Structure formats: C-alpha cells, structure tokens
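Let us walk through this structure one step at a time. Take a look at the chain before reading on.

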Amino acid sequence: MKVTVCFGRTGIVVPCKDGQLRVRDLTQQALQRYRKAQEKDPASWVNIHHLEYTDGGILDPDDVLADVVEDKDKVYLALLTIELFSGRGNAGAF
C-alpha cells in the first residue's frame with residue numbers, strides 16, 4: 001500500500017507496507033519526506049492541523065490506515081504554519 005500526502009500542490013508518496021500504520025505515523029513520515037524533497041532545514045517545524053481525505057473528511061490520527069484509506073489514495077494536509085527555528089530563539093515564517 002502507498003498513499004500520496006499532498007502539501008498544497010506538492011504530493012509526497014509514502015509506502016505504507018500492509019497499511020497497519022496509524023494516520024499520525026503517515027503524517028510524520030510524509031513530513032520527513034517533504035522536508036527532504038524541499039531541502040528544508042531539519043530544525044524547521046510544521047504545525048499540522050489535520051489530515052483530510054479527498055472528499056473533505058478529517059482522518060483521526062489514531063486510526064489505522066488500512067481502515068480509512070485505499071491503496072494509492074490521496075490525502076491532504078491542512079497546515080497552519082511552516083516555521084524555521086534559528087537556534088537563537090527566533091522563529092521566522094516561510
């Protein structure tokens with residue numbers, strides 16, 4: 001099973017093996033892959049509001065993927081902010 005997590009217009013494909021990952025784990029793996037693909041600083045952080053199915057339904061972070069999505073489905077992240085921590089205590093929004 002694989003799921004595409006969309007960060008705006010950028011889609012990140014995340015392999016999910018047999019779909020036994022929780023939605024929260026999918027979110028974290030997609031975020032790591034997004035940072036890597038976009039060459040974001042590993043110290044940057046994203047405030048994720050929720051993960052949403054293509055029809056607009058919000059996915060519960062505790063649900064098991066195989067119970068709520070199908071193989072090759074697309075889901076969308078609702079982001080509040082993407083910020084970079086500078087190490088001096090200052091944060092700046094992208």
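A residue counts as buried when its relative accessible area is under 20%, as exposed when that area is over 50%, and as partly exposed in between. By that rule, 31% of the 94 residues of the protein chain are buried. Keep in mind that this is a predicted model. The mean pLDDT of the protein chain is 81. A value of 70 or more is reached by 78% of the residues.

Start with the overall layout. The protein chain has two helices and six strands. Read from the N terminus, the order of elements is β-β-α-β-β-α-β-β. Contacts across the sequence matter for the next steps. Among contacts in the protein chain with a separation of 6 or more, 55% join residues 24 or more positions apart.

Now go inside. The largest nonpolar core has 18 residues. Which of them touch the most other members? They are Val 5, Phe 7, Leu 26, Leu 51 and Val 75. Helix 1 gives the most, with five residues. There is a general pattern to set beside this. In soluble globular proteins, nonpolar side chains tend to be buried together.

Beyond its neighbours within four places in sequence, Leu 26 is in contact with Val 3, Val 5, Val 14, Cys 16, Leu 51, Leu 65 and Val 75. Two of these partners deserve a visit of their own.

Take Val 14, which lies in strand 2. Is Val 14 buried or exposed? Its relative accessibility is 0%, so Val 14 counts as buried. Residues up to four places away in sequence aside, Val 14 touches Met 1, Lys 2, Val 3, Val 5, Leu 26, Gln 29, Ala 30 and Arg 33. One of these is Gln 29, which is 15 residues from Val 14 in sequence. In space, the C-alpha atoms of Val 14 and Gln 29 are 7.1 Å apart.

How many disulfides does the model have? The count comes to zero.

Next, return to helix 1 and find Thr 27. Thr 27 has a relative accessible area of 9%, so this residue is buried. Not counting residues up to four places away in sequence, Thr 27 touches Ile 48, Leu 51 and Leu 77.

From here, move to His 50 in strand 3 (residues 44-53). His 50 is buried because its relative accessible area, 15%, falls under 20%. The side chain of His 50 makes a polar contact with the side chain of Glu 52, at 2.9 Å. Residues up to four places away in sequence aside, His 50 also touches Ile 58, Tyr 76, Leu 77 and Ala 78.

Now for charge. The whole structure holds one salt bridge. Which side chains meet in it? They belong to Arg 24 and Asp 62, with a distance of 2.5 Å from N to O. This pair links distant parts of the chain, 38 residues apart. Arg 24 sits in helix 1, whereas Asp 62 sits in the loop between strand 4 (58-59) and helix 2 (65-68). Are these two residues buried or partly exposed? Arg 24 has a relative accessible area of 40%, so it counts as partly exposed. Asp 62, at 44%, is partly exposed too.

Gln 20 lies between strand 2 and helix 1. Leaving aside neighbours within four places in sequence, Gln 20 is in contact with Val 64 and Ala 66. Gln 20 and Met 1 are 19 residues apart along the chain. Their C-alpha atoms are separated by 9.7 Å.

Finish at the end of the chain, with some caution. Over residues 86-94, pLDDT stays under 50. For this stretch the model has 13 contacts beyond four places in sequence. Where pLDDT is low, the predicted coordinates should not be read in detail.

Note on methods
Residues numbered from 1 in each chain as written. Predicted model: local features only at pLDDT ≥ 70, side-chain atom pairs only at ≥ 80, totals over all residues. Heavy atoms only, no water. Core = buried A, V, L, I, M, F, W, Y, C linked by side-chain atoms within 4.5 Å. Buried < 20%, exposed > 50% of the residue type's maximum accessible area, 1.4 Å probe, protein only. Helix = DSSP H or I, 4+ residues; strand = E, 2+ residues; numbered from the N terminus. Contact = heavy atoms within 4.5 Å. Disulfide = S-S within 2.5 Å. pLDDT = per-residue confidence, 0-100. Salt bridge = Lys/Arg side-chain N within 4 Å of Asp/Glu carboxyl O. Polar contact = N/O pair within 3.5 Å; in protein donor to acceptor, adjacent residues only side chain to side chain.
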